[in-house]
Amino acid sequence: MKSPVARLIALVGALGLASAALAAAPAAHQIQVRIEPETRLLEGRDSLRFDPPHAATLLISSRFSLDSVAVDGQRIEPKARLDGSFQRIALPAARRIDLVWHGTLAPLERSLDHRGTLGYAEPASGMEGTFLPSGSGWYPIVDAELESYSLELDLPADQRGLVPGRLVEESEAQGRYRARFEFSQPAEGISLMAGPYRIEERRVRTAAGSDVRLRTYFHAEIAALASGYLDSVAGYLDLYERRIGRYPFSEFSVVSSPTPTGFGMPSLTYLGIDVLRLPFIRATSLGHEMLHNWWGNGVYSDFARGNWSEGLTNFMADYAYRERESPEAARAMRLGWLRDYAAMPSADDTPLARFTSRTHGASQIVGYTKSAMLFLMLRDAVGEAAFDAGLRDFWRDYRFRVASWDDLRRAFERASGKKLAAFFAQWLERTGAPALRIAGAEARPAASGWRLSVTLEQGAPAYALAVPLRIRTRGGDITRRVDLARERDTALIELPSEPLEIALDPELRLLRRLAAAEAPPILRDAMLAPHPGLIVASADAAVQAAARELAAGLLERAPAERQPASPLLVAGLHADIDAWLAREKMAPRPAALTTTRGSAQVWTARAGDASIVVLVSAQDAASLAALARPLPHYGQQSYLVFEGARMIARGTWPAQPQVWKLKSKM
Ligand SMILES: [Zn+2]
């Protein structure tokens with residue numbers, strides 16, 4: 001299970017890359033930019049080169065005034081057309097365009113949450129930090145083209161700043177800090193960060209023999225964390241170079257942001273100060289963001305044909321760290337994924353090939369979870385050696401190029417010698433997943449040992465699966481994979497001793513719709529429900545108001561007309577909830593929640609008709625209101641206890657694998 005904050009960290013650098021523009025050489029910027037955070041003034045100059053010369057459209061934010069534009073040295077009066085918050089400037093075919101612009105940046109809003117920051121495309125500045133996102137039009141973006149650049153940054157001496165790429169030189173003189181950067185590969189836009197940073201630096205020679213400059217750009221209040229972060233960065237660099245191939249940049253920087261955000265960009269990651277303070281970030285999100293230098297910022301996803309990089313990064317970072325920890329931790333993560341998937345209404349499910357970016361909860365489950373499971377099943381199918389070889393070949397062949405799912409498939413086919421078209425097609429192009437069950441099983445003594453026949457069903461349309469069965473025999477446990485390619489099929493298994501019991505995919509290695517007992521309810525079942533219901537089990541006005549606010553933040557769709565069997569949210573004070581449960585003839589408050597009471601308790605249960613009920617029980621209206629902000633972060637939990645807004649206990653109800661008990665023939 002991912003922590004709520006780790007989940008917020010996502011790659012968003014690659015917004016809107018037009019794959020059509022990849023044929024030509026990238027437009028080359030030569031930018032000089034001066035920023036005064038105190039007055040929020042920005043002054044910029046750019047000398048843009050096109051090789052070969054061609055016509056282009058430039059986009060720049062309408063908050064800037066264009067002071068001059070010259071085409072191949074000839075000054076022109078450009079006609080800018082207003083397009084939303086951008087000025088759109090169509091230019092004639094040219095080898096070189098020179099522009100000068102200036103304007104006032106938006107004030108930096110510290111209060112923005114992550115979702116706000118993601119949607120906040122304005123370039124913003126203040127003494128605590130400057131963030132000019134790549135898509136914000138702070139410089140003249142060449143529409144629908146990749147761009148390379150050289151950039152000179154000019155800041156007051158108490159500020160430091162950077163853009164992705166190689167730091168060529170930097171200096172502090174006459175009250176100014178200046179730094180020059182180069183990014184010679186085709187990039188998807190330029191993001192600029194600055195702030196009152198303290199820089200810590202370490203140079204390392206990597207396993208592949210390159211010299212890499214590692215840096216932290218941290219605010220003073222977290223400066224003490226710098227060396228720990230540099231240790232972790234060096235560790236990840238080594239890990240991924242050995243597994244994939246040479247790190248593609250000459251630097252990697254961890255940069256703190258005054259807003260609670262998380263961005264991955266080529267050669268750096270930009271994370272909120274409060275995020276960087278969390279002890280688990282170094283062990284999880286940091287590695288995920290570094291790995292994006294290979295997948296996403298090293299090889300680009302073909303966004304029109306599906307984003308493979310998020311799932312592969314999830315698999316090789318977040319999931320790999322769990323595997324390294326223990327088999328149990330890895331299994332717990334797979335259970336979390338499949339439980340999330342089970343909580344997703346089937347109407348929200350989409351083929352993985354259609355996942356292009358991150359929009360809401362359901363698409364995240366498709367893009368991260370389904371996709372990570374695909375890589376797990378692929379590695380199980382081709383073996384670890386071929387899987388790793390495929391990844392290394394893919395990296396070698398597609399570095400700084402756009403690659404699709406098909407390109408990935410071909411790399412794994414070459415490495416494994418196996419045909420994988422059917423495998424990729426069924427997991428990428430179909431909506432949904434198989435719902436597996438054991439329909440029957442019988443065992444008989446055979447000439448030597450026992451013969452077990454197992455009938456499996458999977459619903460329609462059928463997937464081609466190698467279903468793991470763990471068979472408990474008198475001589476111990478044996479795991480076998482049986483092929484299932486039809487909706488219903490019977491497999492014969494020879495065993496050395498008498499089988500007693502069969503468990504279906506108990507290690508959860510297949511992407512499938514879990515049965516109810518395999519997927520005990522979690523909060524997300526209600527959060528994602530298409531037609532959730534809300535009952536406030538109290539007449540008190542303050543409790544009513546707090547419950548409605550809680551529901552508005554927790555549920556993706558407003559609770560209106562609850563449909564039969566849809567999840568239900570029931571909120572109230574402790575006595576109201578106990579009375580409601582008794583009236584509905586549901587199980588009383590679980591034992592796990594009677595020892596640690598806190599000021600509020602939340603748990604999931606099943607009603608008589610098997611529909612999911614989320615109970616929210618508080619000691620008073622204020623305690624109920626305190627849950628509104630933290631609770632949406634705990635979708636993967638079955639129960640929680642809060643003291644005010646602080647979570648003090650949580651957990652998931654145990655999952656029961658599907659088991660078939662054989663009748664004894666002895
Ligand atoms: Zn990511």
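These questions and answers go through some computed features of a predicted model.

Me: What makes a feature or an atom pair count in this predicted model?
Reply: Local features need pLDDT of at least 70 and side-chain atom pairs count only at pLDDT 80 or more, while totals for chains, interfaces and linings use all residues. Residues are numbered from 1 along each chain as its sequence is written, and side-chain values use heavy atoms, with hydrogens and water left out.

Me: How many helices and strands does the protein have?
Reply: The protein has 16 helices and 35 strands, where helices (H or I, at least four residues) and strands (E, at least two) are DSSP runs numbered from the N terminus.

Me: Why is the protein called as compact as a globular protein of its length?
Reply: The radius of gyration, taken over C-alpha atoms, is set against the globule rule, which is 2.2 Å times the number of residues to the power 0.38. For 666 residues that rule gives 26 Å, and the protein has 28 Å, which is close, so the protein is as compact as a globular protein of that length. Along the principal axes, the C-alpha trace spans about 95 × 65 × 45 Å.

Me: How much of the protein counts as buried?
Reply: Of the 666 residues, 56% count as buried.

Me: What share of the contacts comes from residues 24 or more positions apart?
Reply: A contact means heavy atoms within 4.5 Å, and among contacts with a separation of 6 or more, residues 24 or more positions apart account for 68%.

Me: Where are the peptide bonds from D51 to P52 and between A460 and P461?
Reply: The bond from D51 to P52 is cis, with omega near 0°, and P52 is found in strand β2 (residues 41–61). A cis bond also joins A460 and P461, with omega about -5°, and P461 is found in the loop between β24 (450–457) and β25 (465–473).

Terms used. Buried means under 20% relative accessible area, exposed over 50%, partly exposed in between (1.4 Å probe, protein chains only).
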